[in-house]
Every structure is written in C-alpha cells, then in structure tokens.
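Student: I have a two-chain model open on my screen and would like to walk through it with you. Could we take it piece by piece?

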Amino acid sequence: MKAQYAAGAARILDTANKAGAQYADVQFWTLRQEDVSVRNGDVRNASDVSSAGYGVRALVDGAWGFFGSDRFDDASFDAAAARATALAKSGTKVTDRIPAVQPTEKIVAHYETPMTKDPASIGLSARANMLLTAERAGHVAKNVISAYAFLTIYTTSKEFYSTTGSAITQVLRQAGAGCGVSAMGRDKDVQTRGGPGDFGLYQGGGFEVVERAGLLGIMPEYGREAVLLADAPRLPSGVRDLILDGSVLNLQMHESIGHALELDRALGWEANFSGVSWATPDQVGKLRYGSDLLNIYADNALPLGMATVGYDDEAVKPARVPLIERGILRAFLSSRDTAAETNLPQTASTRAQDWSTVPMVRMTNIVLAPHEGTLASIVADTKDGLYVAGMRSWSIDDHRLNFQFGPQIGYEIKNGKRGRIFKQPTYTGVSPHFWGSLDRVGGHEDFVVWGTPNCGKGEPEQIGRTTHACSVARFRKVTTGVKSDA
Amino acid sequence: MRDQDRALSLAERVLKAAAGADQAQVSVAVSDASYARFARNYVVQNLASVSTQITLTYYVGKKSGSVSTDDASPASIARMVAAARAIAQRVPPDNGFVSLPKPAAIATAARSYYDTTADATADDRVEKLLPLFARMKTSDLSSSGFATTQINTVAIANSLGVRAAFTGTMSGLQLKAIAERTSGFAEFYGPDFSMLDPQAVAERAAMKATLSRVPANLKPGTYTVLLEPSAFAAALKALTEGMGAGDVLEDKDSWMVGRIGKRVFSPNFTLRDDWSHPLFANAPFNTGDGAPTKKLTLIDRGVAKHYVSSTYTANKYHVPNTGHPGFPANGVVEPGTRSREALLASIERGVLISRTWYERVVDPRAAAITGITRDGVYLIENGKLTKTLKNFRYFVSMIDALKDVEFSNAQVLTEPDSDTSYSSVLPDAKIAKYNLAAQTSFA
C-alpha cells in the first residue's frame, strides 16, 4: 500500500501545533462497503458505498479535541486542524478534570489483513446468483412466506500520522454473509430461523468468509426448522440445564462480558448512553465473574477476528491480554487514557467507526478459551435440559447484570437426546450467577470466530466491529421460558 | 446559497451525469455535527465533523445499482455513474420495483433552521455546561451526558423530475446526574440552541438523583406507571416498528394484521404523523425517495387506521403512497387535558419511569416488549414521588397496556431514535397496568 496522504498530514499536524496543540495525530481513512441482499427471488439491494476523510485529534493541557472532515483541499486541512485544537482548548475551561495522556512513541509500520480469495475476483452476477440460489433453497414448504440472503464486503485503508513522527499504514478486510427463512403457522404466527451466528458469519478476511458461511448448505435446514417453529409450542417456564449454541453464546459473551469489561464504561465515561459496569477496576484480581471454566482473553491480533489490526486508532499494538482467568477478573479492554488512570494493561481497543468519529474504547476481539467436548457429546451428557440456537431478541441492563435472551429455536433434551422443538425459548439470568453456573465449555471442534458488524456505542452513536470467539457451553439450572405477558 | 440549494445543485449535477439510466435517483446528505460529551463533571470528548454523502441509484428496467461517495469531483461522479450502471447491468432484477416517484407538490417546511444552533461554537457548548457542572457539585453529584448542535441537510433529485431539499438544525442536552447509589435523568431537544436552559435540566436531574440516598425494593407485579416521554418513546416503538406497509403486507408479523379499522386501544390514544408539528424540524417529504409526506391519523381515538408506505411499497402492494421511509417518521401523540403534576397526583400507588434501555419487541403480533428501566425509577405514593427504587425488567404487551392510558397536556420532542434517527412528539403517559416483572439489585 502506497501512502497517499503524508503531505496533507504534515500540513495538518503543523497547523495544529502552531495553533497550540502539544500533541496531534491524524488518520486518513478510505472505506468501502459492498452489499448484496436478496429476498423472495428478488435482488433487493446491490450497493457499493465508499467514503474518504480524516480525523484530527489535538491535545491541549490534557484535553482532547477531535474534528473529522471529508474535504481535502489545503484550506480544509488547516480548518480541521484549527477546529480540533479549538475543541481541545474549550475542554480546558473545566479546571477540575483528569488530564489525558500525551503519547510519546514513534511507530512506523504497515499491516494488511490476510485473505485467500480477493473479493474483486467474484463478480456481481456471481455474488447475486449465489445468494438467489441459497435463498431459493429455503422455500421448503407452502407456509414459507419469505426467505432472504445477504453478503457484505468491507475494505478499509488507513494512514495514521502523529506529531511524534508515527506513520502507520493498514489495509483491513472483513466480510460476512447470512440467510434466513420465515414461515407462518396455522394460527398465523410467523417464526424465523436464520444465521449462521446471531446474524450471519462475519470474520476478518476476503471472499473466503462468504464461502465459509455455507449459505446454500444451511438454508434447507433453516427452512425445515422455521416450518416446525411456526406450529411449535412455546417453551413452558421452568429451571433447566441450558446448552448454548455458539450462535447464542457469542452474543451472550458480547453483552454480559465484552461490554462489561470496557474500561471507559467501568470508569463512568459512558454512563449516560451505553451505561456502566457491575465490574470495576478496583475488583481486578478479586472479583469472581464465573466458574473456573470461564477463561476470557482479549486478542486483537486474532486470526479471522473482525477487530484484528496491526495497530489500533491511537497507535497501540495488540497483545493477548487475559481478562478473566479461571473465573477471576484480571483486566479490562482499554485505551491509553483509561489504562493510565487505572494502571491496567493496554489492549489496543481504541477504535473509531470511521474518519468522522472520535476513537474510543470498543469491544474488540474477545475469546472464550475452548475446553473439551463436542456439542453432540455435551447433549449426550445432559439428562434433562434445553439446547438453544439462533438469535431473535436480547436485552440487558445498563450495568450488564440482568439479562433476557430470546433465541430462535429450543430443542428439549431428555436423557441425552434432542426431542421436541419449542418456539421463543427465552432465558434470563444475572451475569455472575449465570457465568458461575457454567459447567461445560466445548472444545476446538465447535470453536468459531464469531464476529458482529453492528455494535453500537457513543454519542453520536458509532457502529463497531467486534468478535467473540467461542465453542458451545452448558449452564446449570437456568430460568427459562419467561412469558412476555406474565 | 443555502445548504439545501447547494445540496440540490450537487444532486442535479450527478443526475445529469446519469442521463443514460432508465430511471435514476440521487440523494445528497450533508451533516455538520458537534458534541461536547461529559462525565464526572468535565468534558471527556469534545468533537465535531463535517460530511457529505452522495448516493446514486441507477435503474436498468427493474435492475438497479446503488453507489455512494463523499467525493463530488467530476472524476468521482463519472466513476460513481459507471459503477452504478455496471451493478445495474449485472445483477438480477427486483421484480417488486415499479417506478421512482413522479413529481408532486411538496409543502413548504415549517421554520427549521436557527442561526443560534448553526453558529454555536465549541466554547458556546462548553459554557452551557459549566453551570450544570457547578449545580452537580453543590449536591455532591457526578454527571454524564452531552450537549450537541447540528445542521442536517438532505436533497433528492430523480430522473422523473422530483426535486426535494431540506435543511434543519437540532440541538440537545442529556444529563444523567449520578449520586453514590441513585441517579436522575433529564433532557432537552429542540431546533433552537438558545432555548436550551441547562439550569432547568440540571435541577430536574438533581432533584430526582437526590430523592433517596439508597434505592428501595418494591415487590415485582403489575403497577400503574407514569412513563416520562423518553420511556414512552421507547415503548411506542413496539407499535411504530410494525406500521410500515412491508410489515403488514409482506412480513405479516405486525400487530396491525387483522386489527385495521378496529378499536384496539383506549379512546384517549390518538397517534398522528405530522411533519409540520411546531416542535419538529422535519422534512415534508420522504428522505428516502423524495415523495411528499402525507399527514395521517394512524390511530384515531383508539382505532387502528393506517399504516405508512414508501413509493416502493405503495407500488408493489397497490396501496396509496404516504411518503414515509417504512415507519411513521413524524409521530405525534395527542396530549391529554391534565398536567404531568396532575397525573402524578392522581396515582395513589405507582411507579414513575424516566427512561428505559435495551427494549426489544419479543412478540410483534402482540406488540409485546421487554426492557430494563434506567437512570431513575421512583415510587409514587398518594400522588407524590416518595423514594427511589431499584430498576425493573418489564414485560408488557402495548396492545394491552394502551387500553387504559391517559396522557399529560404537555408534549416534548424526544431524543432521535438510534436506529432511525427520527424523533417523536410525546406527552407523559399514565398507564393503568404495567407488568414490572423482576427487580434488579441496583438503581
């Protein structure tokens, strides 16, 4: 990748410096998102969205200012630097504050996400026809009322420059694909079964991710399950042993571990919108988050991770950092400022959605370390329980404690065998109790790097790409079958 | 030249370059948005950005390609047209597509642009916050929230002759006042930044945060609740998310299926869609396709009347085009006759809910929702707020809940929805039966 913006960056950094910034950095972004979606035999969307711009951060007396622009002439470069610095200065009007950390390193580096199949080698017709073929395969019965399939390709080029002399270029690639089927039951109830994962399979890489999703292979089964769900009974309320498919477990990790371990949230920075956390930095090394089988680590160099980078958006290099070891809290997802305030490790988790948004602590790649056993063996080992898959609705409080999840499908398990299907198989819990009841974590056989492309946080809201890699897991004595009109 | 004229001129320039299309639509969205985000009584993120997004949708028969960029140079426009044409030529058709909208008269927008908002500086926003921080400190409170000023422009031009453009300003302040174990929330939204009174917002949030030092337990169950507009806005989504023609006619999982023309709710409940309400700064057209937005009474004194449609869904399902982007974008709930204070005074024992979180529709046919309260839940006893409560998870069918509802006589503009970016104009809602199903361990 050839750097394009070094001269513009030098002008911006010089202008910010002259305006009074003690430190400044600028990141130039070129973003591209290619989408194709089909539904009921029609191509509903075929789009190619690109955007280029830059975000300037200026630091004055420990206060940050940020300005994003998509205007590339010299006057706009100067105006952006001046406005970022003015924003920083206005923050210094508040005298009683914790000052931000001034970066000092000089880093010169390049990174590209590896891929095995360049999306450019797959034409639009081929993409659309692949989706249409998969979508058709979902129409397995007369009461299938709709089916859909989609794919997305993301390509992002970044150039980061700072007043300390850093120059980092990166080309980041991610992709995803998903599909689903809706069927109407005899009582006109509509149920949907889709995936893979909570929405689809999203990973770092090229078109091989779309192929790995295997839409054509899974659609007939989604169709069959949607038809069964449409006339299935609701899950009766009860306390059961619960086996979470990876399609559910990864979102459970996202909501009740990943978000809870964002250090800015734990420090109160996000209290108004994203909320706070029941886990706080003073509890590191002491707080029991879950059972001994709960081993979570952050790894922003994880192969296939959606949040995998060479450096984050404040030039921190990823490292594998244990967050929870044998159930005990060890660290948080952090930025330079939050890590410095708490004396906790940096995890390279500072990210912006794009050039127009300020970098902030985000959930990036988190991993539930696999243990042993396949899904089949865990089902066989369960006398009386419930296996759930696919996601329909989810809700958790702003401390990340009390949650309710609504998977798409539940299979009763009796004496180690799958039995009846239930629709709306909801379950509820409180984070430390729930993770404390974790008694089986599957092995590598069912381990998948599950990504999510649409995690919201911040004001204005930024959409982030995260990963929660996991196998399957079993939890003991979980409250299930919550009635919506109880 | 005003922002909307510049945007429309750019849209027409791109449209001209796409002259070879069977049909084509160009939309231009321009944003200039600033936020001073604060926590712990100082500004933690002080940010602004300017952006322009140009989107061309190019049709070859029923096949289409859509391309977006923020580069308005002639070379970029040429590339955009070529790319959109290439997509349209290669992908299979959307047989549901009939036509883009034809030109139709668009009403003149109400006043939507205020210099006080458009010209606000970084210092102006922070200076609004300084007295707020001081107020927090006098009660030993921390804070979290933001002050924002924005200018938003959208312009649409299509090859059939539609020309639509709009510029509006918006300002807002959200404040969560945080005590050791309790909190209180207050907010303001409006197009005119000069109307923002940070002291008033701070006083209300501080009052709620300091009502109790320790949050109390309340046995879960069905209670009369008073939903402040922010909480009511979230609950109302259970209905509005199912009020698009696609929800009713294609997905068939809307609460409206089988209920249109029937009395479903209390006669007190009337929901209109009215872009011209004076509290809005909304476009008088569908910002997705440029068709004029009709003013509609969607729920008339409890009777389900209308769903909304875009040009696409109207043509596909042979229903009138209401000029909406798939949902009611300009929701207004008619106010009642009594003040918020009078409604509060009328509740012998109940719960006031300020705000909710992670609200999800769990059964769209029943408009059934679950969610969690946040940032202040209070016990009402004999018409007064008496103590702060720990938060609740609620399970409610809004079909059932709005059978017995009364609204306050004051409407406010609510926070733009994070999914759609549209606001509503809402009063407080007193609902006789609300299922507070479980209580959390914190406030």
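This is a predicted model: local features need pLDDT of at least 70, side-chain atom pairs count only at pLDDT 80 or more; totals for chains, interfaces and linings use all residues.

Student: Which residue is the bridge partner of A:S47 in β3(B)?

Tutor: Let's start with the strands concerned. β2(A) and strand β3 (residues 63–69) of chain B run parallel and are joined by three bridges. In β3(B), the residue bridged to A:S47 is B:S66.

Student: Which element gives the largest share of the side of chain A that touches chain B?

Tutor: The contact draws 65 residues from chain A and 72 residues from chain B. On the chain A side, the elements giving two or more residues include β2 (42–60), α2 (74–91), β5 (144–162) and β17 (402–414). By class, that side divides into 25 nonpolar, 24 polar and 16 charged residues. The largest share, 12 residues, belongs to β2(A).

Student: Let's look inside chain A. How far apart do the C-alpha centres of domain 1 and domain 2 of chain A lie?

Tutor: The domain assignment of chain A gives domain 1 as 6–230 and domain 2 as 238–480. Between them, 42 residues of domain 1 of chain A are in contact with 35 residues of domain 2 of chain A. The domain 1 side of this contact has 18 nonpolar, 20 polar and four charged residues. The C-alpha centres of the two domains lie apart by 21 Å.

Student: Which strands stand at the edges of the six-stranded open sheet in chain A?

Tutor: Follow the order of this mixed sheet, β12-β11-β10-β15-β22-β21 (chain A). Each edge strand has a single partner strand, so one side of it is left without a neighbour in the sheet. The edge strands are β12 (328–329) and β21 (451–457) of chain A.

Student: What angle does the direction of helix α6 of chain A make with that of β22(A)?

Tutor: Helix α6 (residues 246–258) of chain A packs on the sheet, where it touches β10, β15 (365–368), β21 and β22 (462–469) of chain A. Its direction and that of β22(A) make an angle of about 115°.

Student: Which residue takes a positive phi in the hairpin of β17(A) and β18(A)?

Tutor: Five bridges link β17(A) with strand β18 (residues 417–423) of chain A, and the two run antiparallel. The hairpin has two residues between the strands, and the residue with a positive phi, near 50°, is A:N415.

Student: Now chain B. What radius of gyration does chain B have, and why does that agree with a compact globule?

Tutor: The C-alpha trace of chain B spans about 70 × 55 × 35 Å along its principal axes, and buried residues make up 60% of its 443 residues. A compact globule with 443 residues would have a radius of gyration near 22 Å, so the value for chain B agrees: 23 Å.

Student: How many residues of domain 2 of chain B are in contact with domain 1 of chain B?

Tutor: Chain B is divided into domain 1 (3–209) and domain 2 (221–439), with C-alpha centres 23 Å apart. Domain 1 of chain B brings 33 residues to the contact, and the elements giving two or more of them are β4 (142–158), β5 (163–178) and β6 (183–190) of chain B. By class, the domain 1 side has 19 nonpolar, 11 polar and three charged residues. From domain 2 of chain B, the number in contact is 26.

Key: Residues are numbered from 1 along each chain as its sequence is written. Chains are lettered from A and ligands numbered from 1 in the order in which they are written. Two residues are in contact if their C-beta atoms, placed from the backbone, lie within 7 Å. Helices (H or I, at least four residues) and strands (E, at least two) are DSSP runs, numbered from the N terminus. Ala, Val, Leu, Ile, Met, Phe, Trp, Tyr, Cys and Pro count as nonpolar, Asp, Glu, Lys and Arg as charged, and the others, Gly among them, as polar. Two strands pair if DSSP finds at least two bridges between them. Domain bounds come from an automatic or database domain assignment. The radius of gyration is taken over C-alpha atoms; the globule rule is 2.2 Å times the number of residues to the power 0.38. A residue is buried if 20 or more other C-beta atoms lie within 10 Å of its own, exposed if 12 or fewer, and partly exposed in between; C-beta atoms are placed from the backbone. Axes are lines fitted to C-alpha atoms, for helices over the stretch in contact, and angles run from 0 to 180 degrees between N-to-C directions.
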